[in-house]
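The sequence and structure come first, followed by the points by topic.

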Amino acid sequence: MCANLIAVECTYDQPSNRRRNPAPQYIEALETRLQKAEAVLRTVLPNLDLDDPKFDAHSIKHLVESAQTNPRSEPKGATETAKPDDDARLHSMVDRTGALDLDDTGNWDFHGQSSGYVFMRRFRAQFGDQLLPDFKTLNKNRTISQVLESPKSAQSSPYDFNLPAAVDLPPREVAIELCCNTLDDCCALMRPVHRPTFFKRLHALYETEPEQYNNEHVQFLPLLYVVMAVGCLFSKTEDENTMLDIKGYKEATEQG
Amino acid sequence: MLDITDCRDLVSLQTVLFMILFLQSSAKLPTCYAYIGIALRACCRLGLHRVVSNKFNPIELEERKRAFWLVRKLDSYVGAVLGLPQMLSDDDVDQEFPTEVEDEFITPEGIKPMPAGIFPLLKATNASTRLTHTLRKVVRYIYPIKGLDSASLDQRYTISHRRIRELERDLQNWMDELPMDLRPSENANKELSRYFKQPILLVGKLRC
């Protein structure tokens, strides 16, 4: 229990620093220090019961005294302290139920236990706002759900039904570049398509007149639109016009 | 153009997958969750979660595996971040991981051997897919729904330290199995494994 208390305190002692630059070594260093501290404690006070449920209530001085007055050579006690935290219970940060919220427009939103939403709520309840200065300023103007949503999506209407049913394909070079963005940058580690096959289909599509599209072409068309839409998000040039166009493609596709 | 509720072929499924990536990249996670649900159900209808005896050409076979494991991974991540349940149990799945070969070497005729010295990215993909197994375990252990002392009015609960240690062991094993090229000298993967080291901070970290 002692060990866990220390861990929790250390972890949240300076959260704002870690939020900005979470040094991976930091946690490891903490763990090593904790292990050392425990080892020292056990050597000096082998009778000190780290799992003692009274630990919180009693003062540390009192515990140290009682540990010292106990006979040191008691074998039973020694074996017990040898495995102090084998099945210690850790207190969870969050409550065991999630949060179910209703917004102004009558939409329900459930956030489960493991969600960041519940975590942050609990965190704020426990430590107050002062530890999260950046979060607080964010929160003045926007609700949490707005923070989680992209700002862009709140402004532009996601479904504009005035769009023409079919949007013309961009020039082949643009299409290829956008697709490369998607396949090589965005989802290099999670590519669900076979790259050569994808580009073979792309070229086939460009070499066919729209009137002569066969089933395979028609099937591939939405995929191409969406891949280009994703590619646009990851576009290096950040061309505003293309961005809007591709949003249009995306919407057209979703409508379809 | 596409009826996503009747997604019965690979190309349509891939389309939905890229829609999900689009939504994920534009930070609309709750919407993402809905689409992932659709994609996962579509995967099951296409039989992607099972090893089937039908004759597919190698490209199609690999695309099937990739699509399935990608959806599965997204489902785990987005579910964990939103605190919403997974839709597929590990017991329902016997699909194999994608073959760890670069795309150029997969042809309709067969999978050609790769020359030495090429590191297929799919090795990293599969490693991160394996990690989602631990992520699911983290969610199950750290954020249990049942089996708690429901008599107590206190909403807080405790977690066995032994289980935390088990999770840490899992992560260590995962690290030990990681291909040499992906070992901590590469920051990206080091970071990835760090996210899970402190399960209590898991969600906060994932958001970062």
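In this predicted model, helix α2(B) passes helix α3(B) in a left-handed crossing. The axes of α2(B), residues 29-45, and α3(B), residues 58-82, come within 9 Å and cross at roughly 145°.

**α2(B) with α3(B)**
- On the α2(B) side, the contact is made by Leu29(B), Pro30(B), Cys32(B), Tyr33(B), Ile36(B), Ala39(B), Leu40(B) and Cys43(B).
- The residues of α3(B) that they meet are Ala67(B), Phe68(B), Val71(B), Leu74(B), Asp75(B), Val78(B), Val81(B) and Leu82(B).
- By class, this contact of α2(B) with α3(B) has 15 nonpolar residues, no polar residues and one charged residue.

**α1(B) with α2(B)**
- The axes of α1(B) and α2(B) cross at roughly 160° and come within 9 Å.
- Angles over 145 degrees count as roughly antiparallel, and α1(B) and α2(B) are therefore roughly antiparallel to each other.
- The crossing of α1(B) and α2(B) is left-handed.
- Residues of α1(B) in this contact include Leu13(B), Val16(B), Leu17(B) and Ile20(B), and those of α2(B) include Tyr35(B), Ile38(B) and Ala42(B).
- The contact of α1(B) with α2(B) counts 14 nonpolar, two polar and no charged residues.

- Helix α12(A), residues 215-233, packs with α1(B), residues 10-25, at an angle of about 20°, and their axes are 9 Å apart.
- Angles under 35 degrees count as roughly parallel, and α12(A) and α1(B) are therefore roughly parallel to each other.
- The crossing in which α12(A) passes α1(B) is left-handed.
- Among the α12(A) residues in the contact are Gln219(A), Phe220(A), Pro222(A), Leu223(A) and Val226(A); among those of α1(B) are Val11(B), Thr15(B), Phe18(B), Met19(B) and Phe22(B).
- Met19(B) takes part in the contact of α1(B) with α12(A) and in the contact of α1(B) with α2(B).

**Strand pairing in chain A**
- Strands β2(A), residues 99-102, and β3(A), residues 108-111, pair in the antiparallel sense over four bridges.
- Ala99(A) has His111(A) in β3(A) as its bridge partner.
- β2(A) and β3(A) form a hairpin with five residues between them, and Gly106(A) in the turn has a positive phi of about 85°.

**Totals for chain A**
- Chain A has 13 helices and three strands.
- Of its 256 residues, 21% count as buried.
- Among contacts in chain A between residues at least 6 apart in sequence, 58% join residues at least 24 apart.

Key:
Residues numbered from 1 in each chain as written. Chains lettered and ligands numbered in written order. Predicted model: local features only at pLDDT ≥ 70, side-chain atom pairs only at ≥ 80, totals over all residues. Axes fitted to C-alpha atoms, helices over the stretch in contact; angles between N-to-C directions. Helix = DSSP H or I, 4+ residues; strand = E, 2+ residues; numbered from the N terminus. Parallel < 35°, antiparallel > 145°, perpendicular 65-115°, else oblique. Left-handed = near helix turned anticlockwise from the far one by under 90°. Contact = placed C-beta atoms within 7 Å. Buried ≥ 20, exposed ≤ 12 C-beta atoms within 10 Å, placed from the backbone. Pairing = 2+ DSSP bridges. Nonpolar A, V, L, I, M, F, W, Y, C, P; charged D, E, K, R; others polar.
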